[in-house]
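Let's take a walk through this fold together.

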Amino acid sequence: MVEDYFPATYCDGRARFLSACLDARVPVASYRNPHPGPEGEALYTDAALVGRTDAENVVVVTSSTHGVEGFAGSGIQVGLLRDADAPKPPPDTALLLIHTINPHGMAWLRRENEDNVDLNRNFVDHEGGNYPENDLFEELVEHLVPKVWDDDAYERYKAAIGALNHRYGEVPVRKAMHKGQYRHPDSIHYGGGTATWSNRTLGRICGEFLGAARRGAMIDVHTGLGPYGYGELMTPSKPGEPVYDLFFDWYGEQVHSTTAGASAYAGSKGSILAGFRPPVAGLEWAAVGLEYGTREREHMRRCMLANAWLHAHGELDSDLGRAIKRDVKDASYPGEEKWKTMVWERGREVVEIALRRIGA
Ligand SMILES: [Zn+2]
């Protein structure tokens, strides 16, 4: 049953993944995160390669770059190991499953990692100190993590952002909010001051598993944007650029550029898609996001704002803390069977095409 692929918690997801690997006789490499989960449990990123270790082509599927969004990707990964209709890699191609690259965020039900870093803003050059500019964020920062959470907190936030939209324009404010910032470690969308554990672990896994590969394609699974249950393919690359053109060739009009056209979202230079490259010489590399819609946008924002307050000023172990966490989880991972079935069917389709096309 498709529902059985999808976990209730981080630990449950890990158990399902390991047991599916065992049944499929696929060896697992485990990487322990230095920090524990909320119950004191140990947290791991696990990696498993389906197919030949010397395959020329490797399709990589990653989950939980944004911790709490990891339930969908975890379910897809278990389905790829267990489902009778799961696509099988052709002889010259392998499938690398990287289960929960940000296990801390998934276990604690938040986007960020153990350092309050948004991993999807962390893939920048930290050595030179030349972080992408985001001056307008300075105008926003005081509103993004409320000091008090009450019935009016969300309305106050909306009013403050509305005033900034009026002053600076809606698109610049949205971009400043989402593109990542490197000055406020206690705020949201913080990209960090160094490569995080998850960043380094991803590099290490790819170095270990892709050494013999000539072509790699990564599908990074997210949730929280777009229509309910539909997985949209997103790339920061533009038409005419090699990565976009490759995925357009595979998926046609289903591919959406986040930086081109009128609907341009905020391209973060430090995203896993834009900023990560495996440490493998001569490897051709392309990465695409698979973003599933969950709940209505306004509701999502309210949940995420409450979660930011909770981690900065609230009490996790309280009725309010538990209620916020219930909403945050639901906003990233709707519990309905229908949603899970849609997630799996679409995930299977996207991976099937990648496996078939990457070596062609
Ligand atoms: Zn995400």
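Start at Val-288, which touches Ile-219, Leu-233, Met-234, Thr-235, Phe-247 and Leu-273, leaving aside residues up to four places away in sequence. Touching here means that two C-beta atoms, placed from the backbone, lie within 7 Å. Before going on, keep in mind that this is a predicted model, where local features need pLDDT of at least 70, side-chain atom pairs count only at pLDDT 80 or more, and totals for chains, interfaces and linings use all residues. Residues are numbered from 1 along each chain as its sequence is written.

Val-288 is also one of the residues with the most contacts inside the largest nonpolar core, a set of 94 residues, along with Val-59, Leu-96, Ile-219, Phe-247 and Ala-354. This core takes at least three residues from each of domain 1 (2-127 + 195-294 + 335-357) and domain 2 (137-178 + 301-324). A nonpolar core is a set of buried Ala, Val, Leu, Ile, Met, Phe, Trp, Tyr and Cys residues joined through C-beta atoms within 7 Å. Buried means 20 or more other C-beta atoms within 10 Å of a residue's own, exposed means 12 or fewer, and partly exposed is in between, with C-beta atoms placed from the backbone. The domain bounds come from an automatic or database domain assignment, and the C-alpha centres of domain 1 and domain 2 are 28 Å apart.

Now for the strands. Helices (H or I, at least four residues) and strands (E, at least two) are DSSP runs, numbered from the N terminus, and two strands pair if DSSP finds at least two bridges between them. E5 (residues 215-228) runs parallel to E3 (residues 57-63), joined by seven bridges. E5 also pairs with E8 (residues 284-293) in the parallel sense, over 10 bridges. Follow Val-221 in E5: Ser-63 stands opposite Val-221, and in E8 the bridge partner of Val-221 is Leu-290.

Next comes Ser-64, in the loop between E3 and helix H2 (70-82). Its phi is near 70°, a positive value in a residue other than glycine. Is Ser-64 buried or exposed? Ser-64 counts as buried because it has 32 C-beta neighbours inside 10 Å.

Finally, look at helix H7 (197-209). Its buried residues include Trp-197, Leu-202, Ile-205 and Phe-209. Among the elements covering the buried residues of H7 are strands E1 (28-32), E2 (44-50) and E4 (93-99).
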